[in-house]
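Open the structure in your viewer and keep the selection panel at hand.

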Amino acid sequence: MYSKCGVANYALKVFKTMENPDIVTWSSIICALDQEGLKEEAAKLFHRMMRSGMRPNEFTISTLVSAATDLGDLRYGQSVHACAHKFGLEFDHLVSNALIAMYMKLGSIYDGYRIFNKMANWDVISWNALLSGFHDDETSDQGTRVFKQMLTDGFTPNMYTFISILRSCSSLSNIEFGKQVHSHIIKNKFVRDGYVGTALIDMYAKCGCMEDVEAIFSRLNEKDVFAWTVIISGYSQTNQGERAARLFNQMRREGVIPNEFTLASSLRGCSAIASLENGRQLHSLAIKAGQSTDMFVSSALIDMYAKCGYIDDAEALFNGMQPNDTVLWNTIICGYSQHGEGDKALKAFRQMINEGFLPDGVTFLGILSACSHMGLVEQGKNHFYSMSESYGITPSIEHYACLVDVLGRAGKFDEIERLIENMELTPNALIWENVLGACKVHGNVELGERAAEKLFQIDPETDSNYILLSNIYASKGRWNDVSRVRKSMSSKGIKKEPGCSWVEIDAQIHVFLSQDSSHPRLLDIHRKMEELRGRVSEVGYIPNTKYVPHNVTEKEKRENLFNHSERLALGFALISKVNGGRIRIFKNLRICGDCHEFIKCVSSTVDQEIVVRDASRFHHFRNGFCSCKDYW
């Protein structure tokens, strides 16, 4: 009675008063402890039962296997398996199903398959147990094959089957197979089930199909916190932070209390769109709910402040914590790197190692990025090769791309060519994009042309590759080649993504295009720009027209520069009298070199810090200097 009422402690007290409990009683109390989450206590009681000479039955063994699964203890699970074999219970249907689930969930795929194949008869639980292990990138494709075989053999999927196979589809981002599973869900009338619906939402969100996500979400009979979290996370992961924020507010209006994962997902949405005000409100909510110290929330908060341009607040949060996992260290290291504080990133890395935390692939992406922004070529190379030599981490294509960036910014083109020639992975678009970007910075036409040709083969629809090559030609005055590249774009229907910058004033986003004439306060902005033009000239600013890749007069080039989107955003921020003494400007492309010099000069004439986040990093302008030290 106590066991079934969920009060295992009372059941245990009664059990201890019994003189000679039989196997049914032993199994009942062990099962009660397991169901209450007291896995270790269940294991200890099983050990005591074995010492008493009592022979376990299939219920006792299956309960202990379940406990081992939840504890994540494969060695203990194997010892329970040995016990099942000893007492002839290994191929009992209940025990076999539990063993399959244990091995699959704990990553021992071969053992799970072996037990499954030795069973005399399968049921849907057996298939579900087998499917439960195919949720990671390496094994998810096996899940689709098992699901097909299950249907071929005439078994009818249930709720747990659909949840497992949808998780496999999510890991694979296999939208086509996911849609086929969706049709089976409709056929079997599970489409309004909350758990299956949540798994469907997750699958479509991971595949970027947010219209399908909305349709499924709207049809759910009950929307619990998990369903809300999945849809909010989906919008955050697809860079639709505004929609994620609206859904979070709607969830609260409907009386659903967010958990730590909801808050973390919502904060990621704020990070994606650099929405500081929303992020601060979520921070306040997390404190009130007592969730600000949760690992996921803490990491998301640090990331949010860093990506909103407030690395000092991110640092203060980190310093007020006791970092207990690699994720938190990675977040602050990558934050420092994005803000050009490479020294702090490398110091945090050393501290992380000294405190016994092992780095992972993400750690080294942050470290290599820091070395790139600081021009630390030898350190960057040493860290890259230490990944495999010291930490057993196989470098990914992203790590190779970072090393190419380290070498490219420093103009080490011979080393880049040797690295690409000898690398174990096939160079992809990311590698050649970094090569092309370095060629643009250093004016290397020959290698730039080769890199561009590679990119035109790999990714012929990306506009930035054509623009970079065109700009390399323009910097050398090769206007015929510039025209040829632009005609090639036009013939292929490729349009250049317009450069735009935006600034947040009073919780409202104001977006500016280059040469913009649409803003309602354009005349005020132009007056401010004329005022700034006079100020910066006094401190030595001279327009550098080489950053205008057009064959026009010098006067037209100078006017073009003064109407770049980042300058218009700066002018608007200054006339709007931004509170807090810090102006934050965001740009979708790399900041123009002349605009960088212009804003440096402006920062020496105003009593405000100006922060600009471009496509790759943050620039902090103070008193005529930039945090990047003119190396970016």
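**Two helix pairs**

Start by selecting residues 429–442, helix α26, and residues 445–458, helix α27: their axes lie 9 Å apart and the helices pack at an angle of about 150 degrees. Helices here are DSSP runs of H or I with at least four residues, numbered from the N terminus. Axes are lines fitted to C-alpha atoms over the stretch in contact, and angles run from 0 to 180 degrees between N-to-C directions. The model is predicted, with local features needing pLDDT of at least 70 and side-chain atom pairs pLDDT 80 or more, while totals for chains, interfaces and linings use all residues. Residues are numbered from 1 along each chain as its sequence is written, and side-chain values use heavy atoms, without hydrogens and water.

The pair α26 and α27 is therefore roughly antiparallel (over 145 degrees; under 35 counts as roughly parallel). Next, show A429, W432, E433, V435, L436 and C439 of α26, which meet L447, G448, A451, A452, K454, L455 and I458 of α27; contact means heavy atoms within 4.5 Å. These contact residues divide into ten nonpolar, one polar and two charged.

Now select α14 (residues 225–237) and α16 (residues 260–273), whose axes come within 9 Å and cross at roughly 15 degrees. That makes α14 roughly parallel to α16. On α14, show V225, T229, I232, S233 and S236; on α16, show F261, T262, S265, S266, R268, G269 and A272, which complete the contact. Here the division is four nonpolar, seven polar and one charged, where Gly counts as polar, Ala and Cys are among the nonpolar, and Asp, Glu, Lys and Arg are charged.

Note on methods
Parallel < 35°, antiparallel > 145°, perpendicular 65-115°, else oblique.
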